[in-house]
Amino acid sequence: MIPLTNLPSTVSIREVGPRDGLQNEDRILTTEQKILLINALNNSGLRQIEVGSFVNPRYVPQMADTAEVFARIERRPDVIYSAIAPNLRGAQRAIEARADSVQVFLSASESHNQSNVRMSINESLAAAADIALALKEASIEFEAVLSVVFGCPFENDVPIERVVTMTERLLALGASQITLGDTTGMAHPRLVQAVVRALRERFPQAPLRLHPHSARGAGLANVLAALEVGIDRIDASIGGIGGCPFAPGAPGNICTEDTVHMLHEMGINTGLDIPKLVSCAKLIESLLGHEVPGQVIKGGICGHIPGGTMRPWNETEILGQQASRTV
């Protein structure tokens, strides 16, 4: 494995399967099944796991038991167990559940914000201010997630300047990092780099995270594009499950084990154990009762990666076979 230039040497992966993955599934897992999944993920080397969201269960019934899941999972001191909250009530429930970090989410388009949280952007920003204060008093980390940064299913293009302005407001409220969400998989590598460069120019020290989706197959390409402009924090979902239930055409987060496999092939360390991630993907596949989108679970782990079983590619051998066929 030859490390490429201008790329980070390490990348931090946040596992979002228990929340963003399961919220888009027709089958609602039991509390015990969710706990089984998160406890399995604990063993893979992950340091950040998105446990669930504190939203109205009428709209997202898959997350109705998030408080109980928080209460019963095996917590490790070196793992951050986070939750999503759209409003102050949700944040208060997250505080009561002892979430280590709370991600406040709002959209970069008015239409999606109304569809997702039933508020205008200004109302969401006002709510974020109240949430930030409550979390500060509880000594819990306040993060901000911007949805549909790279395109809205209702409004199409999202102005980059709007993303910059919203980021400025959220950083002023004390957000520890800004997550850029490709909620509907409308991003492409040039757009990812344009958005990140605009934010880096205005806020050079702000921690940025990419939340890619693979609805149109560009997920891992967008990850590489983000790495090239300095992003070293990525969200991914075990097995590639998930999506947004409030945005048409928004299936599929990028797959955790596929992403980690690619990064390890490139010589970029994640600290994660791919065979254990694959085991988790097989677990969620059995719990959901259907095949997951991930590819490593199907194709296997390359033999030159620790735990791999697939025979490594041999350039001399392959080229020799090609030459013999041409004679």
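## Helix packing and core of a predicted chain

The axes of helix α9 (residues 219-228) and helix α10 (residues 256-265) come within 11 Å and cross at roughly 50°. Axes here are lines fitted to C-alpha atoms, for helices over the stretch in contact, and angles run from 0 to 180 degrees between N-to-C directions. α9 and α10 are therefore oblique to each other. The orientation classes are these: under 35 degrees is roughly parallel, over 145 roughly antiparallel, 65 to 115 roughly perpendicular, and the rest oblique. α9 passes α10 in a right-handed crossing. A crossing is left-handed if the near helix is turned anticlockwise from the far one by less than a right angle, and right-handed if clockwise.

Leu-220, Val-223 and Leu-227 of α9 make the contact, together with Asp-258, Thr-259, Met-262 and Leu-263 of α10. Contact means heavy atoms within 4.5 Å. By class, this contact of α9 with α10 has 5 nonpolar, 1 polar and 1 charged residues. Ala, Val, Leu, Ile, Met, Phe, Trp, Tyr, Cys and Pro count as nonpolar, Asp, Glu, Lys and Arg as charged, and the others, Gly among them, as polar.

This is a predicted model, in which local features need pLDDT of at least 70 and side-chain atom pairs count only at pLDDT 80 or more, while totals for chains, interfaces and linings use all residues. Residues are numbered from 1 along each chain as its sequence is written, and side-chain values use heavy atoms, with hydrogens and water left out.

**The chain overall**

The chain has 13 helices and 8 strands. Helices (H or I, at least four residues) and strands (E, at least two) are DSSP runs, numbered from the N terminus. Buried residues make up 54% of the 327 residues. Buried means under 20% relative accessible area, exposed over 50%, and partly exposed in between (1.4 Å probe, protein chains only). Of the contacts in the chain with a separation of 6 or more, 73% join residues 24 or more positions apart.

How many of the 10 residues of α10 are buried? The count is 9, so α10 is largely enclosed by the rest of the structure. The buried residues are Thr-256, Glu-257, Asp-258, Thr-259, Val-260, His-261, Met-262, Leu-263 and His-264. Their cover includes β1 (12-15), α9, β8 (233-236), α11 and α12 (296-299). Gly-267 follows α10, with a positive phi near 85°.

α11 packs against α10 at an angle of about 160°, with the axes 9 Å apart. The two helices are therefore roughly antiparallel to each other. α10 passes α11 in a left-handed crossing. On the α10 side, the contact uses Thr-256, Glu-257, Val-260, His-261 and His-264; on the α11 side, Ile-274, Leu-277, Val-278 and Ala-281. These residues divide into 5 nonpolar, 3 polar and 1 charged. An α-helix has 3.6 residues a turn, so residues three or four places apart point the same way.

**Helices α4 and α6**

The axes of α4 (residues 88-96) and α6 (residues 121-137) come within 9 Å and cross at roughly 20°. That makes α4 roughly parallel to α6. Their crossing is right-handed. Leu-88, Ala-91 and Ile-95 of α4 meet Asp-130, Ile-131, Ala-134 and Leu-135 of α6. By class, this contact has 6 nonpolar, no polar and 1 charged residues.

| Helix pair | Axis distance | Angle |
|---|---|---|
| α9 and α10 | within 11 Å | roughly 50° |
| α10 and α11 | 9 Å | about 160° |
| α4 and α6 | within 9 Å | roughly 20° |

**The nonpolar core**

A nonpolar core is a set of buried Ala, Val, Leu, Ile, Met, Phe, Trp, Tyr and Cys residues joined through side-chain atoms within 4.5 Å. The largest one has 97 residues, of which Ile-13, Val-163, Leu-170, Leu-180 and Ile-284 touch the most other members. Helix α11 (residues 274-288) gives the most to this core, with 9 residues.

Leu-170 touches Leu-106, Leu-125, Ala-128, Phe-142, Ala-144, Leu-146, Ala-175 and Ile-178, not counting residues up to four places away in sequence.

Leu-208 is found in strand β7 (residues 208-211). Leu-208 is buried, with a relative accessible area of 3%. Leu-208 and Ile-178 are 30 residues apart in sequence and 5.0 Å apart in space, C-alpha to C-alpha. Beyond four places in sequence, Leu-208 touches Ile-178, Val-196, Leu-199, Arg-200, Ile-231 and Arg-233.

Ser-147 lies in strand β5 (residues 141-147). At 9% relative accessibility, Ser-147 counts as buried. Beyond four places in sequence, its contacts include Leu-106, Ser-107, His-112 and Thr-183.
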